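Biologist: I am new to this protein. Could you show me how to read its main features?
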Amino acid sequence: MDFMKRWIKSMVLGCLTLMMVVSCGQSNLENTQLTELKFGVGPYFPTPSENRTQFEPLFNQLAEGVNLKADVTVTEDWVGISEALRSRTLDVAWLGPWGYVLANHNDPSIEAIATVKYKEEPVYYSVLMAKADAPFDTLSEAIAQSQKGPKLKLSLADVGSTSGWLIPQGEFKRRDIDPEAVFDYTEGASHAAQAIAVLEGQIDIASDYDRNLDVLGSTGRIDRSQLKIIWQSDPLPNDPIAVRGGLPPELRASIQEQLANISLEEAKTLLPENYTGFVPSDGSNYAPIQAAGKSVGKL
């Protein structure tokens, strides 16, 4: 009889424990139900208001596709967007390749789900530019001139930028050149300021990327004929759409499917000019960016 009493008591306690676990599990699930999707985007256009105007249509449609509201954050630097994704204050972010690699390096649960296409290609280029009448036509000539003196003024963008900082730094590393020793060197500028600084004679050489020069030229901010490209990178994987760790798998899959299904016609209303849709990604196409990060000692 004592055995039966102990057995019944243990069964009752076990059932009570199971009920508590299930109840807590359901409570936690309810507490993590999303009522909105928090999107973020880096400083692609010269002003935050332009950024919001350009990217909100896409984010609103993605959120609507999963029956949620969209909350959109526009950051003013490239590091900020990846940090926000890593801290999980954002659910989904359109960020630069280097920002994604940094975020994924620090938190592997952050995953790329798509790569944007620009003019139907999922790649773009980092460039170094100078005024069209500069007395050098290539990076090699510019390095030689600056070594001879006086030093040329070189401006790279902020350290979270792929094309504006990482890739040029990787190129200098490949050439066994310390840009801070060879040039009158500065870093941290926004992409929007780089071409203008060159054209106004404040800087001799500045970094940028081909897509940004297209935007500045098409909106009349610069006259591209007054600039020349003295160096261009190999093709780089375009910007990823990345999601934070812990985002429900079905939500992640739905967003990825929506992105992949955006047609060329839809892209004209949902995306900035010349952006033509997305291709699915698992992050492996960003290996060249990871390699560049390692080469300059940042990974």
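We go from the whole protein to single residues.

Modeller: One caution before we start. This is a predicted model.

Biologist: How many helices and strands does the protein have?

Modeller: Count 12 helices and 13 strands.

Biologist: What share of the residues is buried?

Modeller: Of the 299 residues in the protein, 45% are buried. The accessible surface is about 14,700 Å². Carbon and sulfur atoms account for 52% of that surface.

Biologist: And contacts along the sequence?

Modeller: Take contacts between residues at least 6 apart in sequence. In this protein, 79% of them join residues at least 24 apart.

Biologist: How do I read a helix pair? At what angle do α4 and α6 cross?

Modeller: Look at the axes, then at the angle between them. Helix α4 covers residues 97-106, and helix α6 covers residues 162-174. Their axes come within 8 Å and cross at roughly 75°. Angles of 65 to 115 degrees count as roughly perpendicular, so α4 and α6 are roughly perpendicular to each other.

Biologist: Which residues make the contact?

Modeller: From α4 come Pro97, Trp98 and Gly99. From α6 come Thr162, Trp165 and Leu166. Sorted by type, the residues of this α4 contact with α6 are four nonpolar, two polar and no charged.

Biologist: Next, the core. Which residues have the most contacts inside the largest nonpolar core?

Modeller: That core has 74 residues. Those with the most contacts inside it are Leu58, Trp94, Ile205, Ile255, Leu259 and Phe278. A second, separate core has 11 residues, including Ala195, Leu213, Leu216 and Ile222.

Biologist: What is Ile205 in contact with, leaving aside neighbours within four places in sequence?

Modeller: Its partners include Leu128, Met129, Phe136, Phe183, Val198 and Ile230. Lys153 and Ser155 are also among them.

Biologist: Now single residues. Is Tyr185 buried or exposed?

Modeller: Check the relative accessible area against the cut-off. Buried means under 20%. Tyr185 has 14%, so Tyr185 is buried. Find Tyr185 in strand β8, residues 184-189. Beyond four places away in sequence, Tyr185 touches Leu154, Leu156, Trp165, Gln169, Pro179 and Glu180. Tyr185 and Leu156 are 29 residues apart in sequence, yet 8.0 Å apart in space, C-alpha to C-alpha.

Biologist: And where is Gly80 found?

Modeller: In helix α3, residues 78-86. The relative accessible area of Gly80 is 23%, so Gly80 is partly exposed. From Gly80 to Leu95 is 15 residues in sequence and 9.8 Å in space, C-alpha to C-alpha.

How values were computed
Residues are numbered from 1 along each chain as its sequence is written. This is a predicted model: local features need pLDDT of at least 70, side-chain atom pairs count only at pLDDT 80 or more; totals for chains, interfaces and linings use all residues. Side-chain values use heavy atoms; hydrogens and water are left out. Helices (H or I, at least four residues) and strands (E, at least two) are DSSP runs, numbered from the N terminus. Buried means under 20% relative accessible area, exposed over 50%, partly exposed in between (1.4 Å probe, protein chains only). Contact means heavy atoms within 4.5 Å. Accessible areas come from the Shrake-Rupley method with a 1.4 Å probe; for residues, only the protein chains shown count as cover. Axes are lines fitted to C-alpha atoms, for helices over the stretch in contact, and angles run from 0 to 180 degrees between N-to-C directions. Angles under 35 degrees count as roughly parallel, over 145 as roughly antiparallel, 65 to 115 as roughly perpendicular and the rest as oblique. Ala, Val, Leu, Ile, Met, Phe, Trp, Tyr, Cys and Pro count as nonpolar, Asp, Glu, Lys and Arg as charged, and the others, Gly among them, as polar. A nonpolar core is a set of buried Ala, Val, Leu, Ile, Met, Phe, Trp, Tyr and Cys residues joined through side-chain atoms within 4.5 Å.
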